[in-house]
Amino acid sequence: MGSGKGKRYSGTTGAKAGTGPHARTMHSKVNNWAKDKASELEKKSKRQRDKFNTAAVVYDESTQKYYYGMNRGIQLDNANKNPILFGDDHTKGILPEKSLNNYSVGNCAEVHAINKALNDGAKLKDLHITTIHTESKSMGNPKEACENCTYAFKKKIKHNNTGWHKKEKHK
Ligand SMILES: [Zn+2]
């Protein structure tokens, strides 16, 4: 699979990293980021650590920058909500208005990472994403996008290395 950057990294199996030209590098990066984040949270409290279950990395192919996100990250960072995602007084954002699952809209690690990229001037069409589980027992395993993220980002970003939700309702 892939070429160039993807091939230089050999510490992860392709299956675990997902598929895409940058999948292995991205998987390695988000894995390291998530392990650091997990031990940082562990020092604060076990409860905080246990709530951390998903991490995502976004790669902007036009600038070669990486952006990281975690579940509840928008809330925890009190992040500036980018209008492309969340809308503003004049326009609707691309996130669904009502959640399509049990998570509140904007809770996801993917949204946290993409929100950072957009606030930094990135364009959706240049973005690649990898999402992983971060529970202790499944740290680093690929995680497919949920219904809300699939609705918002499929066909808008360039590539999702770890896959879209399969039962997506097509409109
Ligand atoms: Zn999601």
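Student: Let's start just after H7. Which residue takes a positive phi there?
Tutor: Gly121, with a phi of about 95 degrees. As for the label, helices (H or I, at least four residues) and strands (E, at least two) are DSSP runs, numbered from the N terminus. Keep in mind that this is a predicted model, where local features need pLDDT of at least 70, side-chain atom pairs count only at pLDDT 80 or more, and totals for chains, interfaces and linings use all residues. Residue numbers start from 1 along each chain as its sequence is written.

Student: What makes H7 "largely enclosed"?
Tutor: Compare it with the cut-offs: a residue is buried if 20 or more other C-beta atoms lie within 10 Å of its own, exposed if 12 or fewer, and partly exposed in between, with C-beta atoms placed from the backbone. Ten of the eleven residues of H7 are buried, so the rest of the structure largely encloses this helix.

Student: What makes a set of residues a nonpolar core?
Tutor: The members are buried Ala, Val, Leu, Ile, Met, Phe, Trp, Tyr and Cys residues, joined through C-beta atoms within 7 Å. The largest such core has 36 residues, and Val58 and Ala113 have the most contacts inside it. Helix H3 (23–44), strand S1 (54–60), strand S2 (65–70), helix H7 (109–119), strand S3 (127–133) and helix H8 (147–153) each supply at least two of its residues. H7 gives the most, with six residues.

Student: Which residues does Val58 touch?
Tutor: Leaving out residues up to four places away in sequence, Val58 touches Tyr66, Tyr67, Ala113, Ile114, Ala117, Leu127 and Ile129. Ile129 in S3 also stands opposite Val58.

Student: How do you know that S1 and S3 are joined?
Tutor: Two strands pair if DSSP finds at least two bridges between them. S1 and S3 have seven and run antiparallel. S1 also pairs with S2, again in the antiparallel sense, over six bridges, and Tyr59 stands opposite Tyr66 in S2. As for cover, six of the seven residues of S1 are buried, so S1 is largely enclosed by the rest of the structure. S3 is mostly covered too, with six of its seven residues buried.

Student: What lies between S1 and S2 in their hairpin?
Tutor: Four residues, and Gln64 in the turn has a positive phi of about 60 degrees.

Student: Is Gln64 buried or exposed, and what makes it count that way?
Tutor: Exposed, because Gln64 has 9 C-beta neighbours inside 10 Å. Lys155 is found in the loop between H8 and S4 and, with 7 C-beta neighbours inside 10 Å, counts as exposed.

Student: What makes the unit of S3, H8 and S4 right-handed?
Tutor: The test is to point the strands away from the viewer: a crossover is right-handed if the path from the first strand over the helix to the second runs clockwise. S3, H8 and S4 make a right-handed β-α-β unit. S3 and strand S4 (residues 159–160) pair in the parallel sense over two bridges, and Ile129 stands opposite Asn160 in S4.

Student: Now the whole chain. How many helices and strands does the chain come to?
Tutor: Eight helices and four strands.

Student: Why is the chain called as compact as a globular protein of that length?
Tutor: The radius of gyration is taken over C-alpha atoms, and the globule rule is 2.2 Å times the number of residues to the power 0.38. For 171 residues the rule gives 16 Å and the chain has 15 Å, which is close, so the chain is as compact as a globular protein of that length. Of those 171 residues, 39% count as buried.

Student: Over which residues is the pLDDT below 50?
Tutor: First the overall picture: pLDDT is the predictor's confidence in each residue, from 0 to 100. The chain has a mean of 92, and 90% of its residues reach 70 or more. Residues 1–10 are below 50, and this stretch has 19 contacts in the model beyond near neighbours in sequence.

How values were computed
Two residues are in contact if their C-beta atoms, placed from the backbone, lie within 7 Å.
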